[in-house]
Amino acid sequence: MWRCAGVRWPPGARVGVLEWEGGRISPLVAGKELGFRAEGPRRCIGARGNACPLGSEVPGRATQARCGECARLDRAHSVAADAVPEDPRTYRVYLAWFGPGMLKVGITAEERGPARLLEQGAVVFSWLGRGPLMAARRTEELLRAALKVPDRIPYAHKRAVRAALPDSAQERAAEVEALHARALALPGWAESLERLDFEAVDHVGVFGLEGLPAATAVVRELVDGGVVAGRLVAAAGPDLHLRPAGDGIVVVDTRLMTGWGLVGADAAAGVSVPTAGVRGAGSQDGLF
């Protein structure tokens with residue numbers, strides 16, 4: 001039995017990897033056959049490297065496999081929750097694009113490089129500024145208020161447009177470039193934040209989105225004894241786009257896999273877990 005720790009994007013890698021508890025990884029290479037069966041119940045994964053003291057059960061549809069207490073502990077040390085304003089690290093402000101009309105602003109620790117953008121499934125992004133945490137946070141808030149740019153975009157919206165992206169990298173970067181120019185022209189930037197020139201980074205190749213077929217269904221949750229199996233078509237952010245036996249493309253959010261015990265299944269076994277329709281708008285292999 002294996003336990004998934006989620007998708008990771010190693011520095012400089014051209015593909016993501018599924019990480020397993022214990023440090024093993026499975027490279028997410030397009031065309032690879034994947035198959036697993038869940039064995040429950042689904043248990044809390046704990047917080048900050050510590051196991052859940054109660055081994056609590058968590059709902060199958062939760063994208064974070066944590067009980068209430070562990071979720072609060074994890075949040076208490078989160079930069080996203082402004083719980084560590086004295087963090088001495090340098091931060092970067094970024095603009096990210098997920099499809100036509102879908103742009104967001106965010107911040108990430110400079111030492112992480114583009115990992116945060118890859119984890120979110122950003123198709124194109126550009127850095128906007130760099131500096132202390134609170135200066136980066138103030139600039140993020142400035143853009144949200146002045147330019148009406150959100151700091152979150154639902155994954156359902158991202159999935160709906162991945163198969164209909166512009167073919168040209170220049171077209172994909174156009175909205176980011178225009179917003180970048182507007183952002184740099186805004187008054188009220190924190191003095192300690194260095195402004196950065198526009199430079200588009202495109203992840204279409206890394207995610208394998210060229211010629212991606214439209215998804216027909218998305219996994220809603222895993223269940224005890226439920227199987228997910230097929231051939232990997234693309235991997236973007238936490239999402240795996242699979243072609244199971246027969247027609248159609250099914251998306252599984254790997255965050256739903258955490259907390260379950262997983263065992264191998266035949267890649268031709270198909271999908272026997274609850275799904276919902278999708279509307280348009282140095283590696284060591286592991287379980288797979």
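## Ground rules

The model is predicted, so local features need pLDDT of at least 70 and side-chain atom pairs count only at pLDDT 80 or more, while totals for chains, interfaces and linings use all residues. Residues are numbered from 1 along each chain as its sequence is written, and side-chain values use heavy atoms, with hydrogens and water left out.

## The nonpolar cores

In soluble globular proteins, nonpolar side chains tend to be buried together. A nonpolar core here is a set of buried Ala, Val, Leu, Ile, Met, Phe, Trp, Tyr and Cys residues joined through side-chain atoms within 4.5 Å. Buried means under 20% relative accessible area, exposed means over 50%, and partly exposed is in between (1.4 Å probe, protein chains only).

The largest core has 62 residues, and the members touching the most others are Leu143, Leu209, Leu222, Leu240 and Leu262. Take Leu209: leaving out residues up to four places away in sequence, Leu209 touches Val123, Arg162, Leu165, Val204, Ala234 and Ala236 (contact means heavy atoms within 4.5 Å). There's also a second, separate core of 11 residues, with Tyr94, Ala96, Phe98 and Leu117 among them.

## A look at Val15

Val15 sits in the loop between strand E1 (4-8) and strand E2 (17-20). Helices (H or I, at least four residues) and strands (E, at least two) are DSSP runs, numbered from the N terminus. With a relative accessible area of 29%, Val15 is partly exposed.

Setting aside neighbours within four places in sequence, Val15 contacts Trp9, Pro10 and Leu28. The C-alpha atoms of Val15 and Ala234 are 9.7 Å apart, although 219 residues separate the two along the chain.

## Salt bridges

Side chains of opposite charge can pair when their charged atoms come close. The structure holds 22 salt bridges, each a side-chain nitrogen of Lys or Arg within 4 Å of a carboxyl oxygen of Asp or Glu. One of them joins Arg116 and Glu119 at 3.9 Å, N to O; both lie in helix H2 (residues 115-120), three residues apart, or about one turn of the helix. Arg116 is partly exposed, at 35% relative accessibility.

Arg162 and Asp239 also pair up, at 3.0 Å, N to O. This pair links distant parts of the chain, 77 residues apart: Arg162 is in the loop between helix H4 (155-161) and helix H5 (169-184), and Asp239 is in strand E12 (residues 239-243). Both Arg162 and Asp239 are buried.

Those two belong to a salt-bridge network that links Arg159, Arg162, Asp239, Asp253 and Arg255. Arg159, found in helix H4, is buried with a relative accessible area of 14%.

## Helix H5

The buried residues of H5 are Arg172, Ala173, Val176, Leu179, His180 and Ala183. Their cover includes strand E5 (90-99), strand E6 (102-109), strand E7 (124-132) and helix H3 (133-147).
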